[in-house]
Amino acid sequence: MEPMVNCQSREGSKMVNIGVIGYGYWGPNLVRNFSETPGLNVTMVSDLDPGKLELVRKRHGCGTTTNYRDLLDDTSIDAIAIATPVNTHYELALAALQAGKHVWLEKPMTETSVQARRLVEEAERRNRVLIVDHTFIYTGAVRKMGEIIRNGELGKIYYYDSVRVNLGLFQRDVSVISDLAVHDFSILDYLLGEHPVAVTASGTNHFPGTPENLAYVTLFYDSGIIAHANVSWLAPVKVRQILIGGSNKMITYDDLEPSEKIKVYDKGVSFTDDPNQIREMRIGYRTGDMWAPKLAVAEALRVESEHFVDCIEHGRRPMTDGHLGVRVVELIEAANRSMRCRGDTVNIQKRS
């Protein structure tokens, strides 16, 4: 076993000591941001690959171990961040909560909504903070879109249309819906404050024995909003675009745009039922100005890390808490079920 080494805490006020399980694709981003967050001290990192742990020691000088249990047994560690394959999330998060740790859990939260609800119950019973890393909620662009929508500038929301495609990374254990559409599910939850009532999805796996690598998902809402997401690992280029249409204004969001990621268009249509105009085109078109609002530039993971510390220190509920995680996993389950039944409509149970 890799020898376990502890790091010294930073100087200053009380620190939240955090251990990280998993140093693969996303783990390095977590450790870097945690290390730069005031009030947060990366005490130890666990991974099964000794080569990756050597990188941790060179980059951050932190303690390392190949046995994640060392993190759970260390009473000086207050919180555990889990960045491992989704099929391990439930077991690791439950063990961390039962060890009295606060938990940072990567998306999607768990494989099943039953597991996700069990983690929420455990965290609430033990009064521990459980945050799910739906990173886009903490970006300046998504927060600005939420502000615009809540201010009523768009008027009545009509639709949400997203394209989230690229070439790879192919996942071995989850479909493209769990990997990419999960972002749209969390963004929609944040922007609309409304849960869908039904979902349809179609998709396919072009390589036998592998998860679906392309899908089209449609969500239906009681308010009349319709949301659509096109997700794929088989596109020749990377695209990250969202359109949101309202009765007053419309928004475009291009996450790959270096500046002016968000553009608000004063465009729309008006419709009249005036019987005197029954023989005429009853739709009027309005074209006005476009403006690009200024966005916060702080890295989303850094914002989320600071939020995590604040929630731990003051007993606050995270923006992306376990309840959001449950709702997102429910949508993944429903969309996967519809996709595997060739697009059958799957109704979603309403929860308080």
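**View 1. Strand β4, covered on both faces.** Strand β4 (residues 79-82) has buried residues on either side: Ala 79 and Ala 81 on one face, Ile 80 and Ile 82 on the other. Buried means under 20% relative accessible area, exposed means over 50%, and partly exposed lies in between (1.4 Å probe, protein chains only). Helices (H or I, at least four residues) and strands (E, at least two) are DSSP runs, numbered from the N terminus. This is a predicted model, in which local features need pLDDT of at least 70, side-chain atom pairs count only at pLDDT 80 or more, and totals for chains, interfaces and linings use all residues. Residues are numbered from 1 along each chain as its sequence is written, and side-chain values use heavy atoms, with hydrogens and water left out.

**View 2. The neighbours of β4.** Strand β1 (residues 16-21) pairs with β4 in the parallel sense, over 4 bridges. Two strands pair if DSSP finds at least two bridges between them. Ile 21 has Ile 82 of β4 as its bridge partner. Strand β5 (residues 102-106) also pairs with β4 in the parallel sense, over 4 bridges. Here Ala 81 has Trp 104 of β5 as its bridge partner.

View 3. The peptide bond from Lys 107 to Pro 108 is cis, with omega near -20 degrees. Pro 108 sits in the loop between β5 and α5 (113-125).

**View 4. The largest nonpolar core.** This core holds 44 residues, and Ile 177, Phe 185 and Ile 244 have the most contacts inside it. Helix α7 (residues 176-192) supplies the largest share, 9 residues. A nonpolar core is a set of buried Ala, Val, Leu, Ile, Met, Phe, Trp, Tyr and Cys residues joined through side-chain atoms within 4.5 Å. Residues up to four places away in sequence aside, Ile 244 touches Met 145, Ile 149, Leu 154, Ile 157, Tyr 159, Tyr 160, Leu 191, Met 250 and Ile 251. A contact means heavy atoms within 4.5 Å. A second, separate core has 28 residues, among them Val 31, Val 42, Ala 300 and Val 303.

**View 5. Helix α6, largely enclosed.** In helix α6 (residues 140-150), 8 of the 11 residues are buried, so the rest of the structure largely encloses this helix. The buried residues are Gly 140, Ala 141, Val 142, Lys 144, Met 145, Gly 146, Ile 148 and Ile 149. Gly 152 follows α6 and has a positive phi, near 80 degrees.

View 6. Gly 168 and Leu 169 are joined by a cis peptide bond, with omega near -10 degrees. Leu 169 is in the loop between β7 (157-167) and α7.

**View 7. His 307 in helix α8.** His 307 lies in helix α8 (residues 300-314). His 307 counts as buried, because its relative accessibility is 17%. Beyond its neighbours within four places in sequence, His 307 contacts Ile 131, Tyr 138, Arg 317, Pro 318 and Met 319.

**View 8. Positive phi in two loops.** Glu 260 has a phi near 55 degrees, a positive value in a residue other than glycine. The loop between β12 (250-254) and β13 (262-271) holds Glu 260. At 47% relative accessibility, Glu 260 counts as partly exposed. Arg 342 is not a glycine either, and has a positive phi of about 55 degrees. Arg 342 is in the loop between α9 (322-339) and β15 (346-347). With 81% relative accessibility, Arg 342 counts as exposed.

View 9. The protein chain has 9 helices and 15 strands. Its radius of gyration is 22 Å, close to the 20 Å that the globule rule gives for 352 residues, so the chain is as compact as a globular protein of that length. The radius is taken over C-alpha atoms, and the globule rule is 2.2 Å times the number of residues to the power 0.38. Of the 352 residues, 51% count as buried. The mean pLDDT is 92, and 91% of residues reach 70 or more. Over residues 1-12 the pLDDT is below 50, and this stretch has 38 contacts in the model beyond near neighbours in sequence. The pLDDT is the predictor's confidence in each residue, from 0 to 100. Where pLDDT is low, the predicted coordinates should not be read in detail.
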